[in-house]
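Here is a quick tour for anyone meeting this protein model for the first time. Have a look at the picture below, then read on.

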Amino acid sequence: MALQKLSSKPKTLRGFELSMVIGKGSYGEVWLARHIKDKRPYVLKKINLKSTSDKERRAAEQEARLLSNLKHPNIVTYKDSFQTGERYLYIAMQYCEGGDLYTLLKERKGKVLEEKQVVEWFIQIAMALQQSFGHPKISINTSNYGETNMKHHHLDSYTPRDNLNP
């Protein structure tokens, strides 16, 4: 996906300076942003609440609450969440420079991974899931598994299980 840059004057929103759209999904966009005070990069997940059902809206709000309570080295760090009127919910999370597992695997185009790498990822995912067991309505997928520039892996952006198709 091509990155969509903003015009020369950056837009600010609730203490974040928006840089560019780095992803799009069925519910909205993901923006790369920099926190104005701490100067760190974050992603802002922008969810269009007007185009969601009541059930999907509750799931998005639940996602923000769940992320705010999960603290673990292998779970992406939650920064903040807020709504702008009745239209958008924003969830600010740690930016994982290395991208996500889905993209990494897709770019390998069928090349076999080293066993050592697979075991390392499995252990990190298992540790994050163990931390999540206190939250039984959570599921993950590979696009929600990011890596930082230090090759430390994180689970991010959870989907409440109630909202998955059986």
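## A polar contact, and where to find one

A polar contact is a pair of N or O atoms within 3.5 Å, and within protein one of them must be able to donate a hydrogen while the other can accept it. Keep in mind that what you see is a predicted model. In it, the side chains of Lys 45 and Glu 63 are joined by a polar contact of 2.9 Å.

Lys 45 is part of strand S5, and an unreviewed UniProt entry marks Lys 45 with the annotation "binding site".

## The chain from end to end

How many helices and strands does the protein chain have? Its secondary structure comes to 3 helices and 11 strands. Starting at the N terminus, the elements follow the order β-β-β-β-β-α-β-β-α-α-β-β-β-β. The protein chain has 166 residues, and 37% of them count as buried.

## Helix H1

Helix H1 takes in residues 54-69. In general, an α-helix has 3.6 residues a turn, so residues three or four places apart point the same way.

Which residues make up the largest nonpolar core? There are 12 of them: Leu 13, Phe 16, Leu 18, Val 21, Trp 31, Ala 33, Tyr 42, Leu 44, Phe 82, Tyr 88, Tyr 90 and Ala 92. At least two residues of this core come from each of strands S3 (16-24), S4 (28-35), S5 (41-48) and S7 (88-94).

Another core lies apart from that one, with 11 residues, including Ala 60, Leu 67, Val 76 and Leu 89.

## Rings meeting rings

Searching the whole structure turns up 3 aromatic pairs. One of them is Phe 16 with Tyr 42: the ring centres are 5.9 Å apart and the planes sit at 85°, so this pair is edge-to-face. It ties together distant parts of the chain, since Phe 16 belongs to strand S3 and Tyr 42 to strand S5, 26 residues apart. Are these two buried or exposed? Phe 16 is buried, and Tyr 42 is too.

Tyr 88 and Tyr 90 also pair up, with ring centres 6.2 Å apart and planes at 55°, so here the pair is tilted. Both of these tyrosines are buried. Together with Phe 82, Tyr 88 and Tyr 90 form one aromatic cluster. Tyr 88 has a charged neighbour as well: Lys 46 lies over the face of its ring, at 4.4 Å from the ring centre.

Ser 19 sits in strand S3. With a relative accessibility of 30%, Ser 19 counts as partly exposed. Between Ser 19 and Arg 34 there are 15 residues of separation in sequence, and their C-alpha atoms are 7.5 Å apart in space.

Thr 84 belongs to strand S6, which covers residues 78-84. Its relative accessible area is 25%, so Thr 84 is partly exposed. Where does Leu 13 lie in relation to Thr 84? The two are 71 residues apart in sequence and 9.5 Å apart in space, C-alpha to C-alpha. Leu 13 is also one of the residues in the largest nonpolar core.

Most residues other than glycine have a negative phi. Arg 14 has a positive phi of about 45° although it is not a glycine. You'll find Arg 14 in the loop between strand S2 (11-13) and S3, and its relative accessible area of 52% makes it exposed.

Lys 109 is another case, with a positive phi of about 50° even though it is not a glycine. Its place is in the loop between helix H2 (101-107) and helix H3 (115-132). Is Lys 109 buried or exposed? With a relative accessible area of 74%, Lys 109 is exposed.

How values were computed: Residues numbered from 1 in each chain as written. Predicted model: local features only at pLDDT ≥ 70, side-chain atom pairs only at ≥ 80, totals over all residues. Heavy atoms only, no water. Core = buried A, V, L, I, M, F, W, Y, C linked by side-chain atoms within 4.5 Å. Buried < 20%, exposed > 50% of the residue type's maximum accessible area, 1.4 Å probe, protein only. Helix = DSSP H or I, 4+ residues; strand = E, 2+ residues; numbered from the N terminus. Expected span 1.5 Å × (residues − 1). Phe/Tyr/Trp six-rings, centres within 6.5 Å; stacked < 30°, edge-to-face > 60°. Lys NZ or Arg CZ within 6 Å of the ring centre and 35° of its normal. UniProt positions renumbered as here; feature names shortened; annotations may be inferred.
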